[in-house]
Each structure stands twice: as C-alpha cells, then as structure tokens.
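Subject: Structure for your review

Dear colleague,

Please find below the sequence and structure that I am handing over to you. My notes on what was found follow directly after them.

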Amino acid sequence: MRLLRPRGVYAPQEDTALLARAARSELRTLRQQPNVDVVDVLDVGTGTGALALVAAQQASARVTAVDISRRAVLAARLNARRHRLPVSVRRGDLTGPVADRRFHLIVSNPPYVLSPGRARGAQRTWNAGTDGRAVLDRLCADAPGLLRDSGVLLLVQSALSGVDTTLDQLRDSGLRARVELRETIPFGPVMARHADWLERRGAILPGERKEELVVIRAQRS
C-alpha cells in the first residue's frame with residue numbers, strides 16, 4: 001500500500017509489517033466471534049495511518065487512529081481518503097482523545113529506540129530515552145483500561161527495550177500477556193549510530209549489529 005509520508009512522520013518499516021501481520025490474524029479471529037458484529041479498533045501513535053488502514057480493510061472494523069503530531073494526523077487522514085478507507089483520525093497524546101471509549105483491539109507501534117540524547121523534532125517518532133521506555137510505560141498503564149472484555153492489545157517493541165518489563169506491567173493490569181511474534185533484523189541507520197553507546201551500556205555485545213523485534217499480545221480476561 002503506497003502511503004503519503006510528510007517529513008517528520010514515522011516511515012512504516014519492519015516493525016510496522018510485523019505488527020500488521022499480527023493484527024490481521026487477530027482481526028480474523030475477532031470477526032468469527034458470534035457476539036461481535038463490529039470490531040472497534042484503536043491505533044495509538046498512528047503515524048502515516050498504515051496500521052489503521054490495515055484494520056480498515058476489514059469490512060467489519062470501525063477504526064480510530066490517534067497521534068500527537070499534527071503532520072501525522074494530516075497524513076493519516078489523507079492516506080485514508082486516498083485509499084477510500086473509513087478511519088477516524090484524532091489528535092492527542094496516546095489514548096487521551098478516546099479515554100471514554102472501549103475497543104476490541106488496540107494496536108501500537110510506539111517509540112522504543114534507546115537513545116542517549118533528548119528527543120527533538122522528528123526524533124520523537126522513535127527516540128524513547130535511555131531505556132527505551134518513555135512511551136512504553138505510559139502505554140502499558142493506559143491501554144488496558146480501554147479494552148473491552150476479552151479485548152486484545154498488540155504492541156511492537158525492540159527486545160532491547162525490556163520485553164519482560166512490558167509483560168510484567170501488562171500482567172499487573174490484569175491482562176494475559178505473551179510474546180506473539182519475533183523477528184531479528186539488521187540495525188537501521190539510527191541503531192547503527194548508537195551502537196558504540198549501546199555497547200558501553202552493555203545493552204549489546206561488542207560487534208553486535210542486529211536487534212530482535214517483538215510483538216506482544218495482551219488480552220483482558
């Protein structure tokens with residue numbers, strides 16, 4: 001799917017594709033449930049709207065997308081219009097604009113890259129602080145309360161950003177959480193620039209230039 005991406009909006013990459021794979025599978029399962037006529041889907045940190053559009057391709061999905069970036073909101077709206085897919089795009093911080101709603105499925109590709117410097121400008125689309133958890137911790141705290149009974153949260157992150165921490169936080173919120181998908185990829189340009197710093201921190205082995213991406217699935221009982 002060809003998407004418009006203004007400067008400063010996160011470009012769909014391997015993490016987007018991995019999460020989209022998990023989302024398609026989850027949507028197929030939800031559509032088969034006898035008591036679900038319309039699947040309410042939320043995409044948190046939508047960027048170009050790539051994941052929201054994947055969900056909106058399902059005839060039974062009602063999709064809402066949220067991003068704090070004005071450029072991302074505009075891009076997602078334009079991409080939805082361009083592909084003639086029904087997506088409601090709202091601007092706000094994480095789940096804030098939809099705090100009064102509940103969803104069958106929440107998907108998110110949040111910033112998770114470990115970085116020594118403060119996030120500025122377009123870096124906010126990927127820079128998640130020195131531990132990679134500046135957004136993940138907030139998402140783990142806020143998203144569970146927006147799930148319907150048996151609702152599912154799918155999020156993607158790097159294994160360097162603390163998979164066990166994410167699982168523990170989601171379980172503490174009463175969700176059943178597990179790793180759904182894994183994929184190892186070569187470092188991209190950002191990670192390659194940070195490699196020496198990551199080695200000094202002990203986050204990676206000397207000479208290591210690959211990272212594991214992980215999709216976490218958490219379901220409300």
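I begin with Leu-94, which has a relative accessibility of 13% and therefore counts as buried, the cut-off being under 20%. Please bear in mind throughout that this is a predicted model. Leu-94 lies in the loop between E3 and E4, and its phi is positive, at about 50°, although the residue is not a glycine. Arg-84 also has a positive phi, near 55°, and is likewise a residue other than glycine. Its place is in the loop between H3 and strand E3 (87-91). Is Arg-84 buried or exposed? With a relative accessible area of 77%, Arg-84 is exposed, because the cut-off for that class is over 50%.

In soluble globular proteins, nonpolar side chains tend to be buried together. In this model, the largest nonpolar core holds 69 residues, and the members that touch the most others are Val-87, Ile-106 and Leu-154. Helix H1 gives the most to this core, with 7 residues. Beyond its neighbours within four places in sequence, Ile-106 is in contact with Leu-42, Val-44, Ala-143, Leu-146, Leu-147, Val-152, Leu-153 and Leu-154.

Phe-103 is found in strand E4 (residues 103-108). It counts as buried because its relative accessibility is 0%. Once neighbours within four places in sequence are set aside, the contacts of Phe-103 include Asp-40, Val-41, Leu-42, Thr-64 and Val-98. Leu-146, Leu-147, Arg-148 and Gly-151 are also in contact with Phe-103. Between Phe-103 and Gln-219 there are 116 residues of separation in sequence and 12 Å in space, C-alpha to C-alpha.

Helix H1

Does the length of H1 agree or disagree with what its 18 residues should span? At 1.5 Å a residue, they should span 26 Å; the end C-alpha atoms are 26 Å apart, so the two agree. The buried residues of H1 include Leu-18, Leu-19, Ala-22, Ala-23, Leu-27 and Leu-30, and also Asp-15, Thr-16 and Glu-26. Against which elements do the buried residues of H1 pack? They pack against E1, H2, E4, strand E5 (147-158), E6 and E7.

Asp-15 deserves a separate note. This residue of helix H1 has a relative accessibility of 3% and therefore counts as buried. Not counting residues up to four places away in sequence, Asp-15 touches Tyr-10, Asn-109, Tyr-112, Val-156 and Leu-213. Asp-15 and one of these residues, Asn-109, are 94 residues apart in sequence and 7.4 Å apart in space, C-alpha to C-alpha.

Pockets and a cavity

The largest pocket contains about 860 Å³ of space. It is lined by 40 residues, of which Asp-67, Ile-68, Pro-111, Arg-124 and Thr-125 are the closest to its centre. By class, this lining has 17 nonpolar, 15 polar and 8 charged residues. Strand E1 (39-44), helix H2 (50-56), strand E2 (61-67) and helix H3 (70-82) each supply at least two residues of the lining.

Thr-125 lies in the loop between E4 and helix H4 (136-142). Its relative accessibility is 24%, so it counts as partly exposed. Apart from residues up to four places away in sequence, Thr-125 touches Gly-8, Tyr-10 and Pro-111. Thr-125 and His-104 are 21 residues apart in sequence and 26 Å apart in space, C-alpha to C-alpha.

The second largest pocket contains about 500 Å³ of space. Of its 24 lining residues, the closest to the centre are Tyr-10, Gln-13, Val-113, Trp-126 and Val-190. The lining comprises 15 nonpolar, 5 polar and 4 charged residues. Helix H1 (14-31), strand E6 (175-186), helix H6 (189-201) and strand E7 (210-220) each supply at least two residues of this lining, and the largest share, 3 residues, comes from H6.

How many cavities of 30 Å³ or more does the structure hold? There is 1, and the largest cavity contains about 40 Å³ of space. Its lining consists of Tyr-112, Val-113, Leu-114, Ser-158, Leu-160, Ser-161, Met-191 and Glu-211. These divide into 5 nonpolar, 2 polar and 1 charged.

Yours sincerely

Key
Residues are numbered from 1 along each chain as its sequence is written. This is a predicted model: local features need pLDDT of at least 70, side-chain atom pairs count only at pLDDT 80 or more; totals for chains, interfaces and linings use all residues. Side-chain values use heavy atoms; hydrogens and water are left out. On a 1 Å grid over the protein atoms alone, a cavity is a set of points where a 1.4 Å probe fits but cannot get out, and a pocket is an open set with protein on both sides within 12 Å along at least five of seven lines; lining residues have an atom within 4 Å of a point. Grid points are joined across faces, edges and corners, and a volume is the space filled by probe spheres set on the points. Helices (H or I, at least four residues) and strands (E, at least two) are DSSP runs, numbered from the N terminus. Ala, Val, Leu, Ile, Met, Phe, Trp, Tyr, Cys and Pro count as nonpolar, Asp, Glu, Lys and Arg as charged, and the others, Gly among them, as polar. Buried means under 20% relative accessible area, exposed over 50%, partly exposed in between (1.4 Å probe, protein chains only). Contact means heavy atoms within 4.5 Å. A nonpolar core is a set of buried Ala, Val, Leu, Ile, Met, Phe, Trp, Tyr and Cys residues joined through side-chain atoms within 4.5 Å. The expected span of a helix is 1.5 Å times one less than its number of residues.
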